[in-house]
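Subject: Structure handover and notes

Hello,

Please find the structure below, with the sequence. My notes on it follow.

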Amino acid sequence: MELKQTLKTLCERLKELRIEQKMTQKELAKATGLSQSAIAYWETGQRIPSALSVIALAEYFHVSIDYLIGLKNKQK
């Protein structure tokens with residue numbers, strides 16, 4: 001999978017997971033210790049999250065990193 005597609009999948013899945021939890025970006029930021037602006041940039045594909053941020057998101061949503069970045073379609 002190429003990097004551009006991986007980033008697109010990450011953006012889509014991050015937003016989907018957040019909306020499924022009925023959370024705002026601000027609420028997700030507070031819950032994870034990440035910034036709201038970073039989450040907004042990631043969801044729109046304007047920036048690429050660090051590996052540590054991806055880990056934090058996967059842990060928070062109880063999904064695998066492979067799922068977040070599109071290597072697997074099952075959440076766990």
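Of the 76 residues of the protein, 39% count as buried; buried means under 20% relative accessible area, exposed over 50%, and partly exposed in between, with a 1.4 Å probe and protein chains only. Before the rest, the conventions: this is a predicted model, in which local features need pLDDT of at least 70 and side-chain atom pairs count only at pLDDT 80 or more, while totals for chains, interfaces and linings use all residues. Residues are numbered from 1 along each chain as its sequence is written, and side-chain values use heavy atoms, with hydrogens and water left out.

Overall

The protein has five helices and zero strands, in the order α-α-α-α-α from the N terminus. Helices (H or I, at least four residues) and strands (E, at least two) are DSSP runs, numbered from the N terminus. The radius of gyration is 11 Å, which agrees with the value near 11 Å for a compact globule of 76 residues. That radius is taken over C-alpha atoms, and the globule rule is 2.2 Å times the number of residues to the power 0.38. Along the principal axes, the C-alpha atoms fill a box of roughly 30 × 25 × 20 Å.

Contact means heavy atoms within 4.5 Å. Among contacts between residues at least 6 apart in sequence, 54% join residues at least 24 apart. The accessible surface comes to about 5,000 Å², and carbon and sulfur atoms account for 53% of it; areas come from the Shrake-Rupley method with a 1.4 Å probe, and for residues only the protein chains shown count as cover.

There are 12 positive and 8 negative charges, and their mean positions are 2 Å apart. Lys and Arg count as positive and Asp and Glu as negative, with His and the chain ends not counted. Each charge is placed at NZ of Lys, CZ of Arg, CG of Asp or CD of Glu.

Helix α4 covers residues 51–61, and its buried residues are Ser53, Val54, Leu57, Ala58 and Phe61. Seen down the axis of α4, these fall within an arc of 135°, so they line one face of the helix. The arc is that of the directions from the helix axis to the C-beta atoms. As background, an α-helix has 3.6 residues a turn, so residues three or four places apart point the same way. The face of α4 turned away from the buried side carries the exposed residues Ala51, Leu52 and Glu59. Cover for the buried residues of α4 includes α1 (3–20), α2 (25–32), α3 (36–44) and α5 (65–69).

In α2, the buried residues are Gln25, Leu28, Ala29 and Thr32. Their arc, seen down the axis of α2, is within 100°, so they also line one face of the helix. Lys26 and Lys30 are exposed on the other side of α2. What covers the buried residues of α2 includes α1, α3 and α4.

Backbone

Most residues other than glycine have a negative phi. Lysine 22 has a positive phi, near 55°; lysine 22 sits in the loop between α1 and α2 and is exposed at 75% relative accessibility. Histidine 62 has a positive phi near 60°. Histidine 62 follows α4, in the loop between α4 and α5, and counts as exposed at 54% relative accessibility. Glycine 33, which follows α2, has a positive phi near 80°.

Single residues

Cysteine 11 lies in helix α1 and counts as buried, at 8% relative accessibility. Leaving aside neighbours within four places in sequence, cysteine 11 is in contact with Trp42, Glu43, Thr44 and Gly45.

Lysine 15 and glutamine 25 are 10 residues apart in sequence and 8.9 Å apart, C-alpha to C-alpha.

Lysine 72 belongs to the segment after α5 and is partly exposed, at 46% relative accessibility. Not counting residues up to four places away in sequence, lysine 72 touches Arg13, Asp66 and Tyr67. The C-alpha atoms of lysine 72 and alanine 31, 41 residues apart along the chain, are separated by 25 Å.

Regards
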